[in-house]
Amino acid sequence: MNYMNKLIKIVFAAFILAQIPACTKFTTAEIKTEIDLNNFGKSPIEAGLLLGQAYNELRNNNITGSQFYRAFTTDYNVPATGTTFAQSAIARMNHDAGDGEVFAIWADHYKAISRPNLIIERAKDFGYIPGLSAADSANWRRIEGEARFLRGFLYFNLVRLYRNVPIIDKFFTELSQIDNVSNMPSSQMKEQEAKVYNFIINDLTMASQMLPNTPERGRAGKFTALSFLGKVHLTRATIAKYRDNSGNGVEDYKSAIAALQQVISSGQYALKTYYPDNFIRDKQYAGNNEFIFTVEFEALDGGSGRFGENSGFINNAGAVQDLIGAIAGANGASVANDFGWSAFDFSSPGDIVRRFWTFEDGDFRSFETNGRFGLQNTAVDCPNGGDCEIYIRTREPYQFTRPYWFEAVNNANSFRYRPATVDIVTGPGLNNRWFSTVWGDGNPNNTPTMQLVKFRRNPLTQANSTGAIFDADIPVMRYAEVLLMYAEAGNELNGPSIVPVGGSLTPVAAVNIVRDRARNFVYYPALTVNSRIIENNAYKLTYADIFRRVPTSNVVYSLAQGATNPVLTLAQATDTMSKYFNQICAFKGIREVPPAPTIRNFREFSATAGFVPDFSSSLSQVQFRNDLLDERWRELAGEQNCRWYDLTRYGTLISRVNAIKSQINPLTRRTLAATQFGTSVLTEPNPKFQYLPIPKQEIDRNKNLNQNEGF
Amino acid sequence: MCMKKVALLIIAVIGFFNSIAQSKTVTGVIRNENAQVLESATVQNLTTKKVVLVGKNGQYSIEASPKDVLQFSFTGYELQTETVGSKSVINVVLTPSDISLDAVVVSGYGIKTFKKDQTSATSKIDKASLENTAPVNISEVLQGRAAGVNIVSNDGTPGAGFSINIRGLATITAGSSPLIVVDNIPYANSAGDAFNPLAAINPNDIESIDILKDASATALYGVGASNGVIVITTKQGKTGKPKFTFSSKVGIGDLVRTLGTLSPQEYAAYRAGLYRSEAGDNAGFATTYIPKPGEPGLWELLSNPAEVAKLGIDSKSILNNFYGVTNLTGSNWLDLITQNTVRQFQDLSFSGATNGGTSYFASLGYADEKGTVINSGFRRLSTRLNLDQKINNIFSAALKFQYTNSAYKGLIGDNRADNAIAQANFLNPFINRDNIIGNTEGAINNGGQGAGPESPEFRVKQLEAGRSANWFNGNISVSAKPLKWLELVLQAGVTNEDSYRDTYTPSLLREGQNVKGRVDITDRRDLRWVFQPRIAVNKTFAKNHRINGTFVFEGRKDRADQAFTRYEQFGTEVLGINSISSAQSVRTTPLYTDTRVLSYIGRFQYDFKRKYIFTASSRIDESSRFVRDKRGVFPSVSAAWNVMDERFMDFASKFMSTIKFRVGYGVTGNDQIPLNAGIPLGNISNIFYPFNSGLTTLVNPTNRFANSDITWETTRGYNFGLDLGFLKDRITLSTNYYNNTTKNILLDVQLPGYSGFTSSIVNSGSISNKGLEIEIASSNIRSKKFKWNTNFNISFNRNKILDLGGVPELGFRAVGTGGLPNDVLLRLGQSIGVYYGTIQDGLVNTDFERYNSARKTQDNNNGEFQFVDLNGDGIIDRDEYVPIAHTLPIHTGGIGNTLTYKGFELYAFFRWSFGNDVVNNNINRAFYLRGDNNLIDDVSNSIWNRQNQDRNYQSYSAIFTTRINSLFSRSEMVEDGSYLRFETLRIGYSLPAKWLKNAKISSARLSMTGQNLFVLTRYSWYDPEVNSATGINKGLFPGLDQGAYPRSRFILFGVDVTF
């Protein structure tokens, strides 16, 4: 019995003793396949891994992707009907604080901002400690500089979209920190916006001092930071001078010139000879370096970092992966599909008006319809029989070679089956069918969607590319924009013809560098007038065929009931048609771009010498400003929400959109208000729609935040 | 110091007890009708109220005087009494009963309590259920058998997972799975909710299943227990001749019901008519094909078999080339992809015990089920060895050992909206059978939206998917019983599971096309060990006072190593999945997880004359899932009063045998949150960022904020119970009322966007579950030849959200339903499982109605739904979202009847659910010609058109042109999901013993079992018992049907032979 007592004692003692210390060591789980961020980012190598993700966040539909161009309405851009974007409240300008997209754009930006925040904290803690090697010290500088650039870039987006945004400059580790974020009271809204601009300028200035001079593809360098610094100053100056009328912005314009001049005189950048090369993957990094900052895509980056996937372009109309086989067959070759990035809708007058009335004739960056006028036809000429009119020809079989941005694509099936010629046809007897497409199999009842196709998958044979997924990079800042910004700031200071203080060019000279490049095109000397220009199974038309359809009256078409303004006359039509012919002659008939294309300038040919004229140095300051804003759209359309930001910094978004609301789309003969889309666009033209509200759920979760005025 | 005192006190007590323990004893052996010993039977001296448990070899010994009466009882057997008289040896043969009379409740940790002494609420799966059903997995047996246990399997896929709630859903985003304990060791499983977690266990190896329901019972399991505890005990060898059992069941099954869809020709005719009538109204509608005037359209042609037969080769090739149609007569997809299911079970076991103190049970089991959909199935091969060895008077040891190989085939838990069954029901019958890509689209596909359809038959045949797992469990215990009242046990268990899951999508299928074939492989190893020393004390003193206590230390570690690998870009696919050497690995993701728990458990029970019983337990848990607050304390107290043992109740003893009141209170916890949720983590991303200098590796912080303050959610619950027994417990009634409140709910709350994170798990919010459970067991007729027993249970649970962390509601989007977000809202004061949507108010029939109806986001068209404009602002929007479906039942239950006549036996079991809604998301497909849908066969009488405006469903053009998305969440989709299911019918016949004697067979039974014979329901789809939701929040989306895999009806024939 004695041994039993001992046994009992031992067991009980062990049992109770076991309870006393918390076995924290045992009950701390091992982390092996993940990284404990509490203990990470302490060396430049580790911080570099975090930095990579900070860059990767930019490949987001809501940050640099297609969301803006598809969902933000301007006078020149109304989102395509039938897309989810057209139904978005932002596009209809009746968004409120509860809108899902308002929150998504916000949250994605702040998520991206949290990455540089963490890196900057680590750099503060570990990048300045004594005893660091020179190499480590330099690495830390560069990493911090890049993080600051990224943070500045993201806040610049945010402040332009939302204005009154909270400044978050730390990586949160405790819930209480998140709750404590506060913001200025509503009455001081402008002061909060000003604070954010100061914060951005501070980040970008520091970045410009920390970053290396030599540009490296995809990474921010000194001149990246300076270009954006110039853009921020320019924006702030415009806001003060035009939107808020709170000052003349002179200091900011000067600062903009100072920053941009450094970029211009650095000698690191030049315009690409041929404009479309900026958007064609294989050409982006050949020839002149026009890119000051791009968001990168690469097939080999793990299968998820391709243009189209992370950037949201994959959802383009027609960009359906499984169509490839069918397309290849229809093209009669192993040619895969050719998708681009789409933004605009044919039936949206803003876009159409823009293309018809604002784009200059012959501008190669312009809408490639070219034969942009109506031609009445006899029943014989009309492909489907009956009475029809051909208005524009938008698509040719030479999609591989042309630099065009716009084309009509229809739904997946038609496109897949007859990816050939699209004519826009309408029958006066069919009032409810606005216009139609002649597909190979001839269904005239369809409404094609006219879309911007600036970024194309090109060449089509690019390895591993499918559908809308390919490896082109998104330009975020091009040298062309630096020149245009320089011209704008210079004009504001002294007018178009005077070299601003600290600068090296007159505004007119700067903008004409961009204009001159726009005249360059690929030249095919062997083409003749009678070359077959359109080819598909059902219809084979030549230039001569088109000209056979001579208009029979001066008025190409009459407007719908109640409308009064005839728009295009026969004279205009004929004139434009000849220009059109000259242009298409330059490109047609060849399916592949020659390996080393000859680039010529319009001025070298008498027929096109008048295309894209230089800005005249006799323009007034006001004329120059207006023309320059349009030039910005032509040059930068579809890039980084250019037009929306331009109009909002001038405070003219609402008035411009209102102005086009009643204009008649010459194709559909409808006003915007008459379209399905128009019923809710701008029903209340309220200035508040120039910016987005602070998302409701943010304010619900944190009473310290204040809503923007008007929402 | 303190320790010493405790030890001395205990020693003193021991001495005291030893001194009074003196009496003469009666001994004997208790056997059953087959002369097998019944260990763990109980013997009670009715005079002294003293109870002993029958030990190994069926032997007992009890103190008694000649006048005393001994009562012998054993689970599943009739009570028997004997007067001691002059006998000192009383051997007893008990006769079986199908009603548990004084069953032993197994609580795990070696704790077994006579039902009479139980102070908390538990349920036992009755013996008939275990023996009379032919389940592949135990989860099938649990369904409807115990009050308060609500199990809904995901669908009818063989081996599909299930969701199980004991006493209602007590959590929101944390896991809701109960703890399963097998032979004292928490069961380790890694299969995830798509697979049946109990698949590794052969139901034939199971001796008993106990379900611990109230907190006073489950508090013993602390942090694992707030969703209830299921305790499974496997079989052991019994004294007697070695017993050899062979059992075989083979059967076939088919679909309980099919849904009528339009035949191919009807479909074509319907579509042709639609084109003709609608094309004028809607340009978009006619995208595909408008025949020229005077020509038969494609669909008109296809609708007429005679015309199709006349087609010449040229015409056929035109159809083929132009429209991609080669399948001119159409297909019945459902027939093509389904088959009669086949189930078979082969089980072999032998068991026995030797005089040397060895008892053994060994089994080999084979189960095989071929699924309803071709190329799907489940197979299990399992073997078990349970060994018990008495070493000497003090020590004994036990070993339990199981190995299982299970294999699933086919996609498990395929809840995609276009899963095979949904596609087969509602796909254009003219899609080409053997080619899902290429030319089958175009003309045939009128939707023109997104990707064209795939042939379900082709898909099912081409896709190879499976999961196989090797599951090993070893569990060893050594116990020492140095004193009669003291037992020391050291138990340790190891579970190892190696699972391998692969999915091969050949390049012929859409998803595999662009990547030239894809294989996903998940290779996973799970290892769990449990170390569990315990001390049990069981002592009666001063005659009437009995104490028993159990003290346990438990250490547990689970680790999982997983690698997910994806291969693409096959060079060749001639060997199918085995062509993998020609493919490239495009992604490999490792995953390591590790959970550790340390626990200290104490339980103490005291009773006075078995009349007043008091139990208290406490458990301290320390879990690695939490960072700062790792420790939790989970106490419980409970008491019971056996009223019939009071003298004053003697008058009633003729008809009343039991009156017992129970009351209990306890605290349990739940730690089922994502691992390491309290540590800020980053992942090495499988995406790279391409700088000029090459691809940069990324470290990506997780989107969920790491809240280091989180700790477990806590459930506090009361339970009040009343047990009644009539006529010597021929009829027993057990009722429980409970009230559980869960606080500090682990809630995945959205964070402000500016935080940079999406959400964080916090302890916030509160839910209550109250309910009533009634279980009745009745031996209706008990003659020698004829017996009729009934088991009945019903349970009511009311769930209520008390607090959501300060917000009035939380919105969730039911998985895969599309449409507007937040169709499931949790609102204060309401229950979980409420779907929100708009209320439908017929259709827009005329222009007048159109102009006067409330607008949706855009103008209405004729033939569209009208919705009730609740706030009268003329716009249908979120303001019109009201509760449209309550998916939690008012009550559920089951009733089983067993009739025995001589060798014949009939068992019938029904279960039901009443008052629950089902959200039938199939409606959107079945009634609306959209894309390439086929339609339910009475559709042409239900759809609005200009000529017939008195219809229920929107016109085709309205659907086509407008807001398909906004069609979700509307009252039309909600149906009554109440049902009564005839779950089991078994007819058995035991061959008379005299026939078998010569063959040396001790028993032989033939049986026929019908499973899932019919379902009475008003629900229009396959099966109202459906649970299509997946993912972390699946518990919030009960009753959602998205084309779930239907359950089969089975008829099985079996033979059981014992030698």
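A residue counts as buried when its relative accessible area is under 20%, and by that cut-off 61% of the 711 residues of chain A are buried. The model described here is a predicted one.

**Chain A as a whole**

- The secondary structure of chain A is made up of 22 helices and 15 strands.
- Among the contacts in chain A whose partners have a separation of 6 or more, 73% are between residues 24 or more positions apart.

**A pair of helices in chain A**

- Two packed helices are described by the angle between their axes together with the distance between those axes.
- In chain A, helix α9 covers residues 222-243 and helix α10 covers residues 250-265, and their axes come within 8 Å of each other while crossing at roughly 160°.
- Because angles over 145 degrees count as roughly antiparallel, α9(A) and α10(A) are described as roughly antiparallel to each other.
- The crossing in which α9(A) passes α10(A) is left-handed, and the residues that form the contact between α9(A) and α10(A) divide into 11 nonpolar, 6 polar and 4 charged.

**B:S795, a serine in a strand**

- B:S795 lies in strand β38 of chain B, which covers residues 786-803.

**B:S216, a serine in a helix**

- B:S216 is placed in helix α4 of chain B, which covers residues 215-218.
- The side chain of B:S216 makes a polar contact with the side chain of B:D214, at 2.7 Å.
- Leaving aside neighbours within four places in sequence, the residues in contact with B:S216 include B:S120, the residues B:S636, B:V637 and B:S638, and also B:G664, B:Y665 and B:G666.
- B:S216 and B:N934 are 718 residues apart along the chain, and their C-alpha atoms are separated by 54 Å.

How values were computed. Residues are numbered from 1 along each chain as its sequence is written. Chains are lettered from A and ligands numbered from 1 in the order in which they are written. This is a predicted model: local features need pLDDT of at least 70, side-chain atom pairs count only at pLDDT 80 or more; totals for chains, interfaces and linings use all residues. Side-chain values use heavy atoms; hydrogens and water are left out. Helices (H or I, at least four residues) and strands (E, at least two) are DSSP runs, numbered from the N terminus. Axes are lines fitted to C-alpha atoms, for helices over the stretch in contact, and angles run from 0 to 180 degrees between N-to-C directions. Angles under 35 degrees count as roughly parallel, over 145 as roughly antiparallel, 65 to 115 as roughly perpendicular and the rest as oblique. A crossing is left-handed if the near helix is turned anticlockwise from the far one by less than a right angle, and right-handed if clockwise. Ala, Val, Leu, Ile, Met, Phe, Trp, Tyr, Cys and Pro count as nonpolar, Asp, Glu, Lys and Arg as charged, and the others, Gly among them, as polar. Contact means heavy atoms within 4.5 Å. A polar contact is a pair of N or O atoms within 3.5 Å; within protein, one must be able to donate a hydrogen and the other to accept it, and residues adjacent in sequence count only if both atoms are side-chain atoms. Buried means under 20% relative accessible area, exposed over 50%, partly exposed in between (1.4 Å probe, protein chains only).
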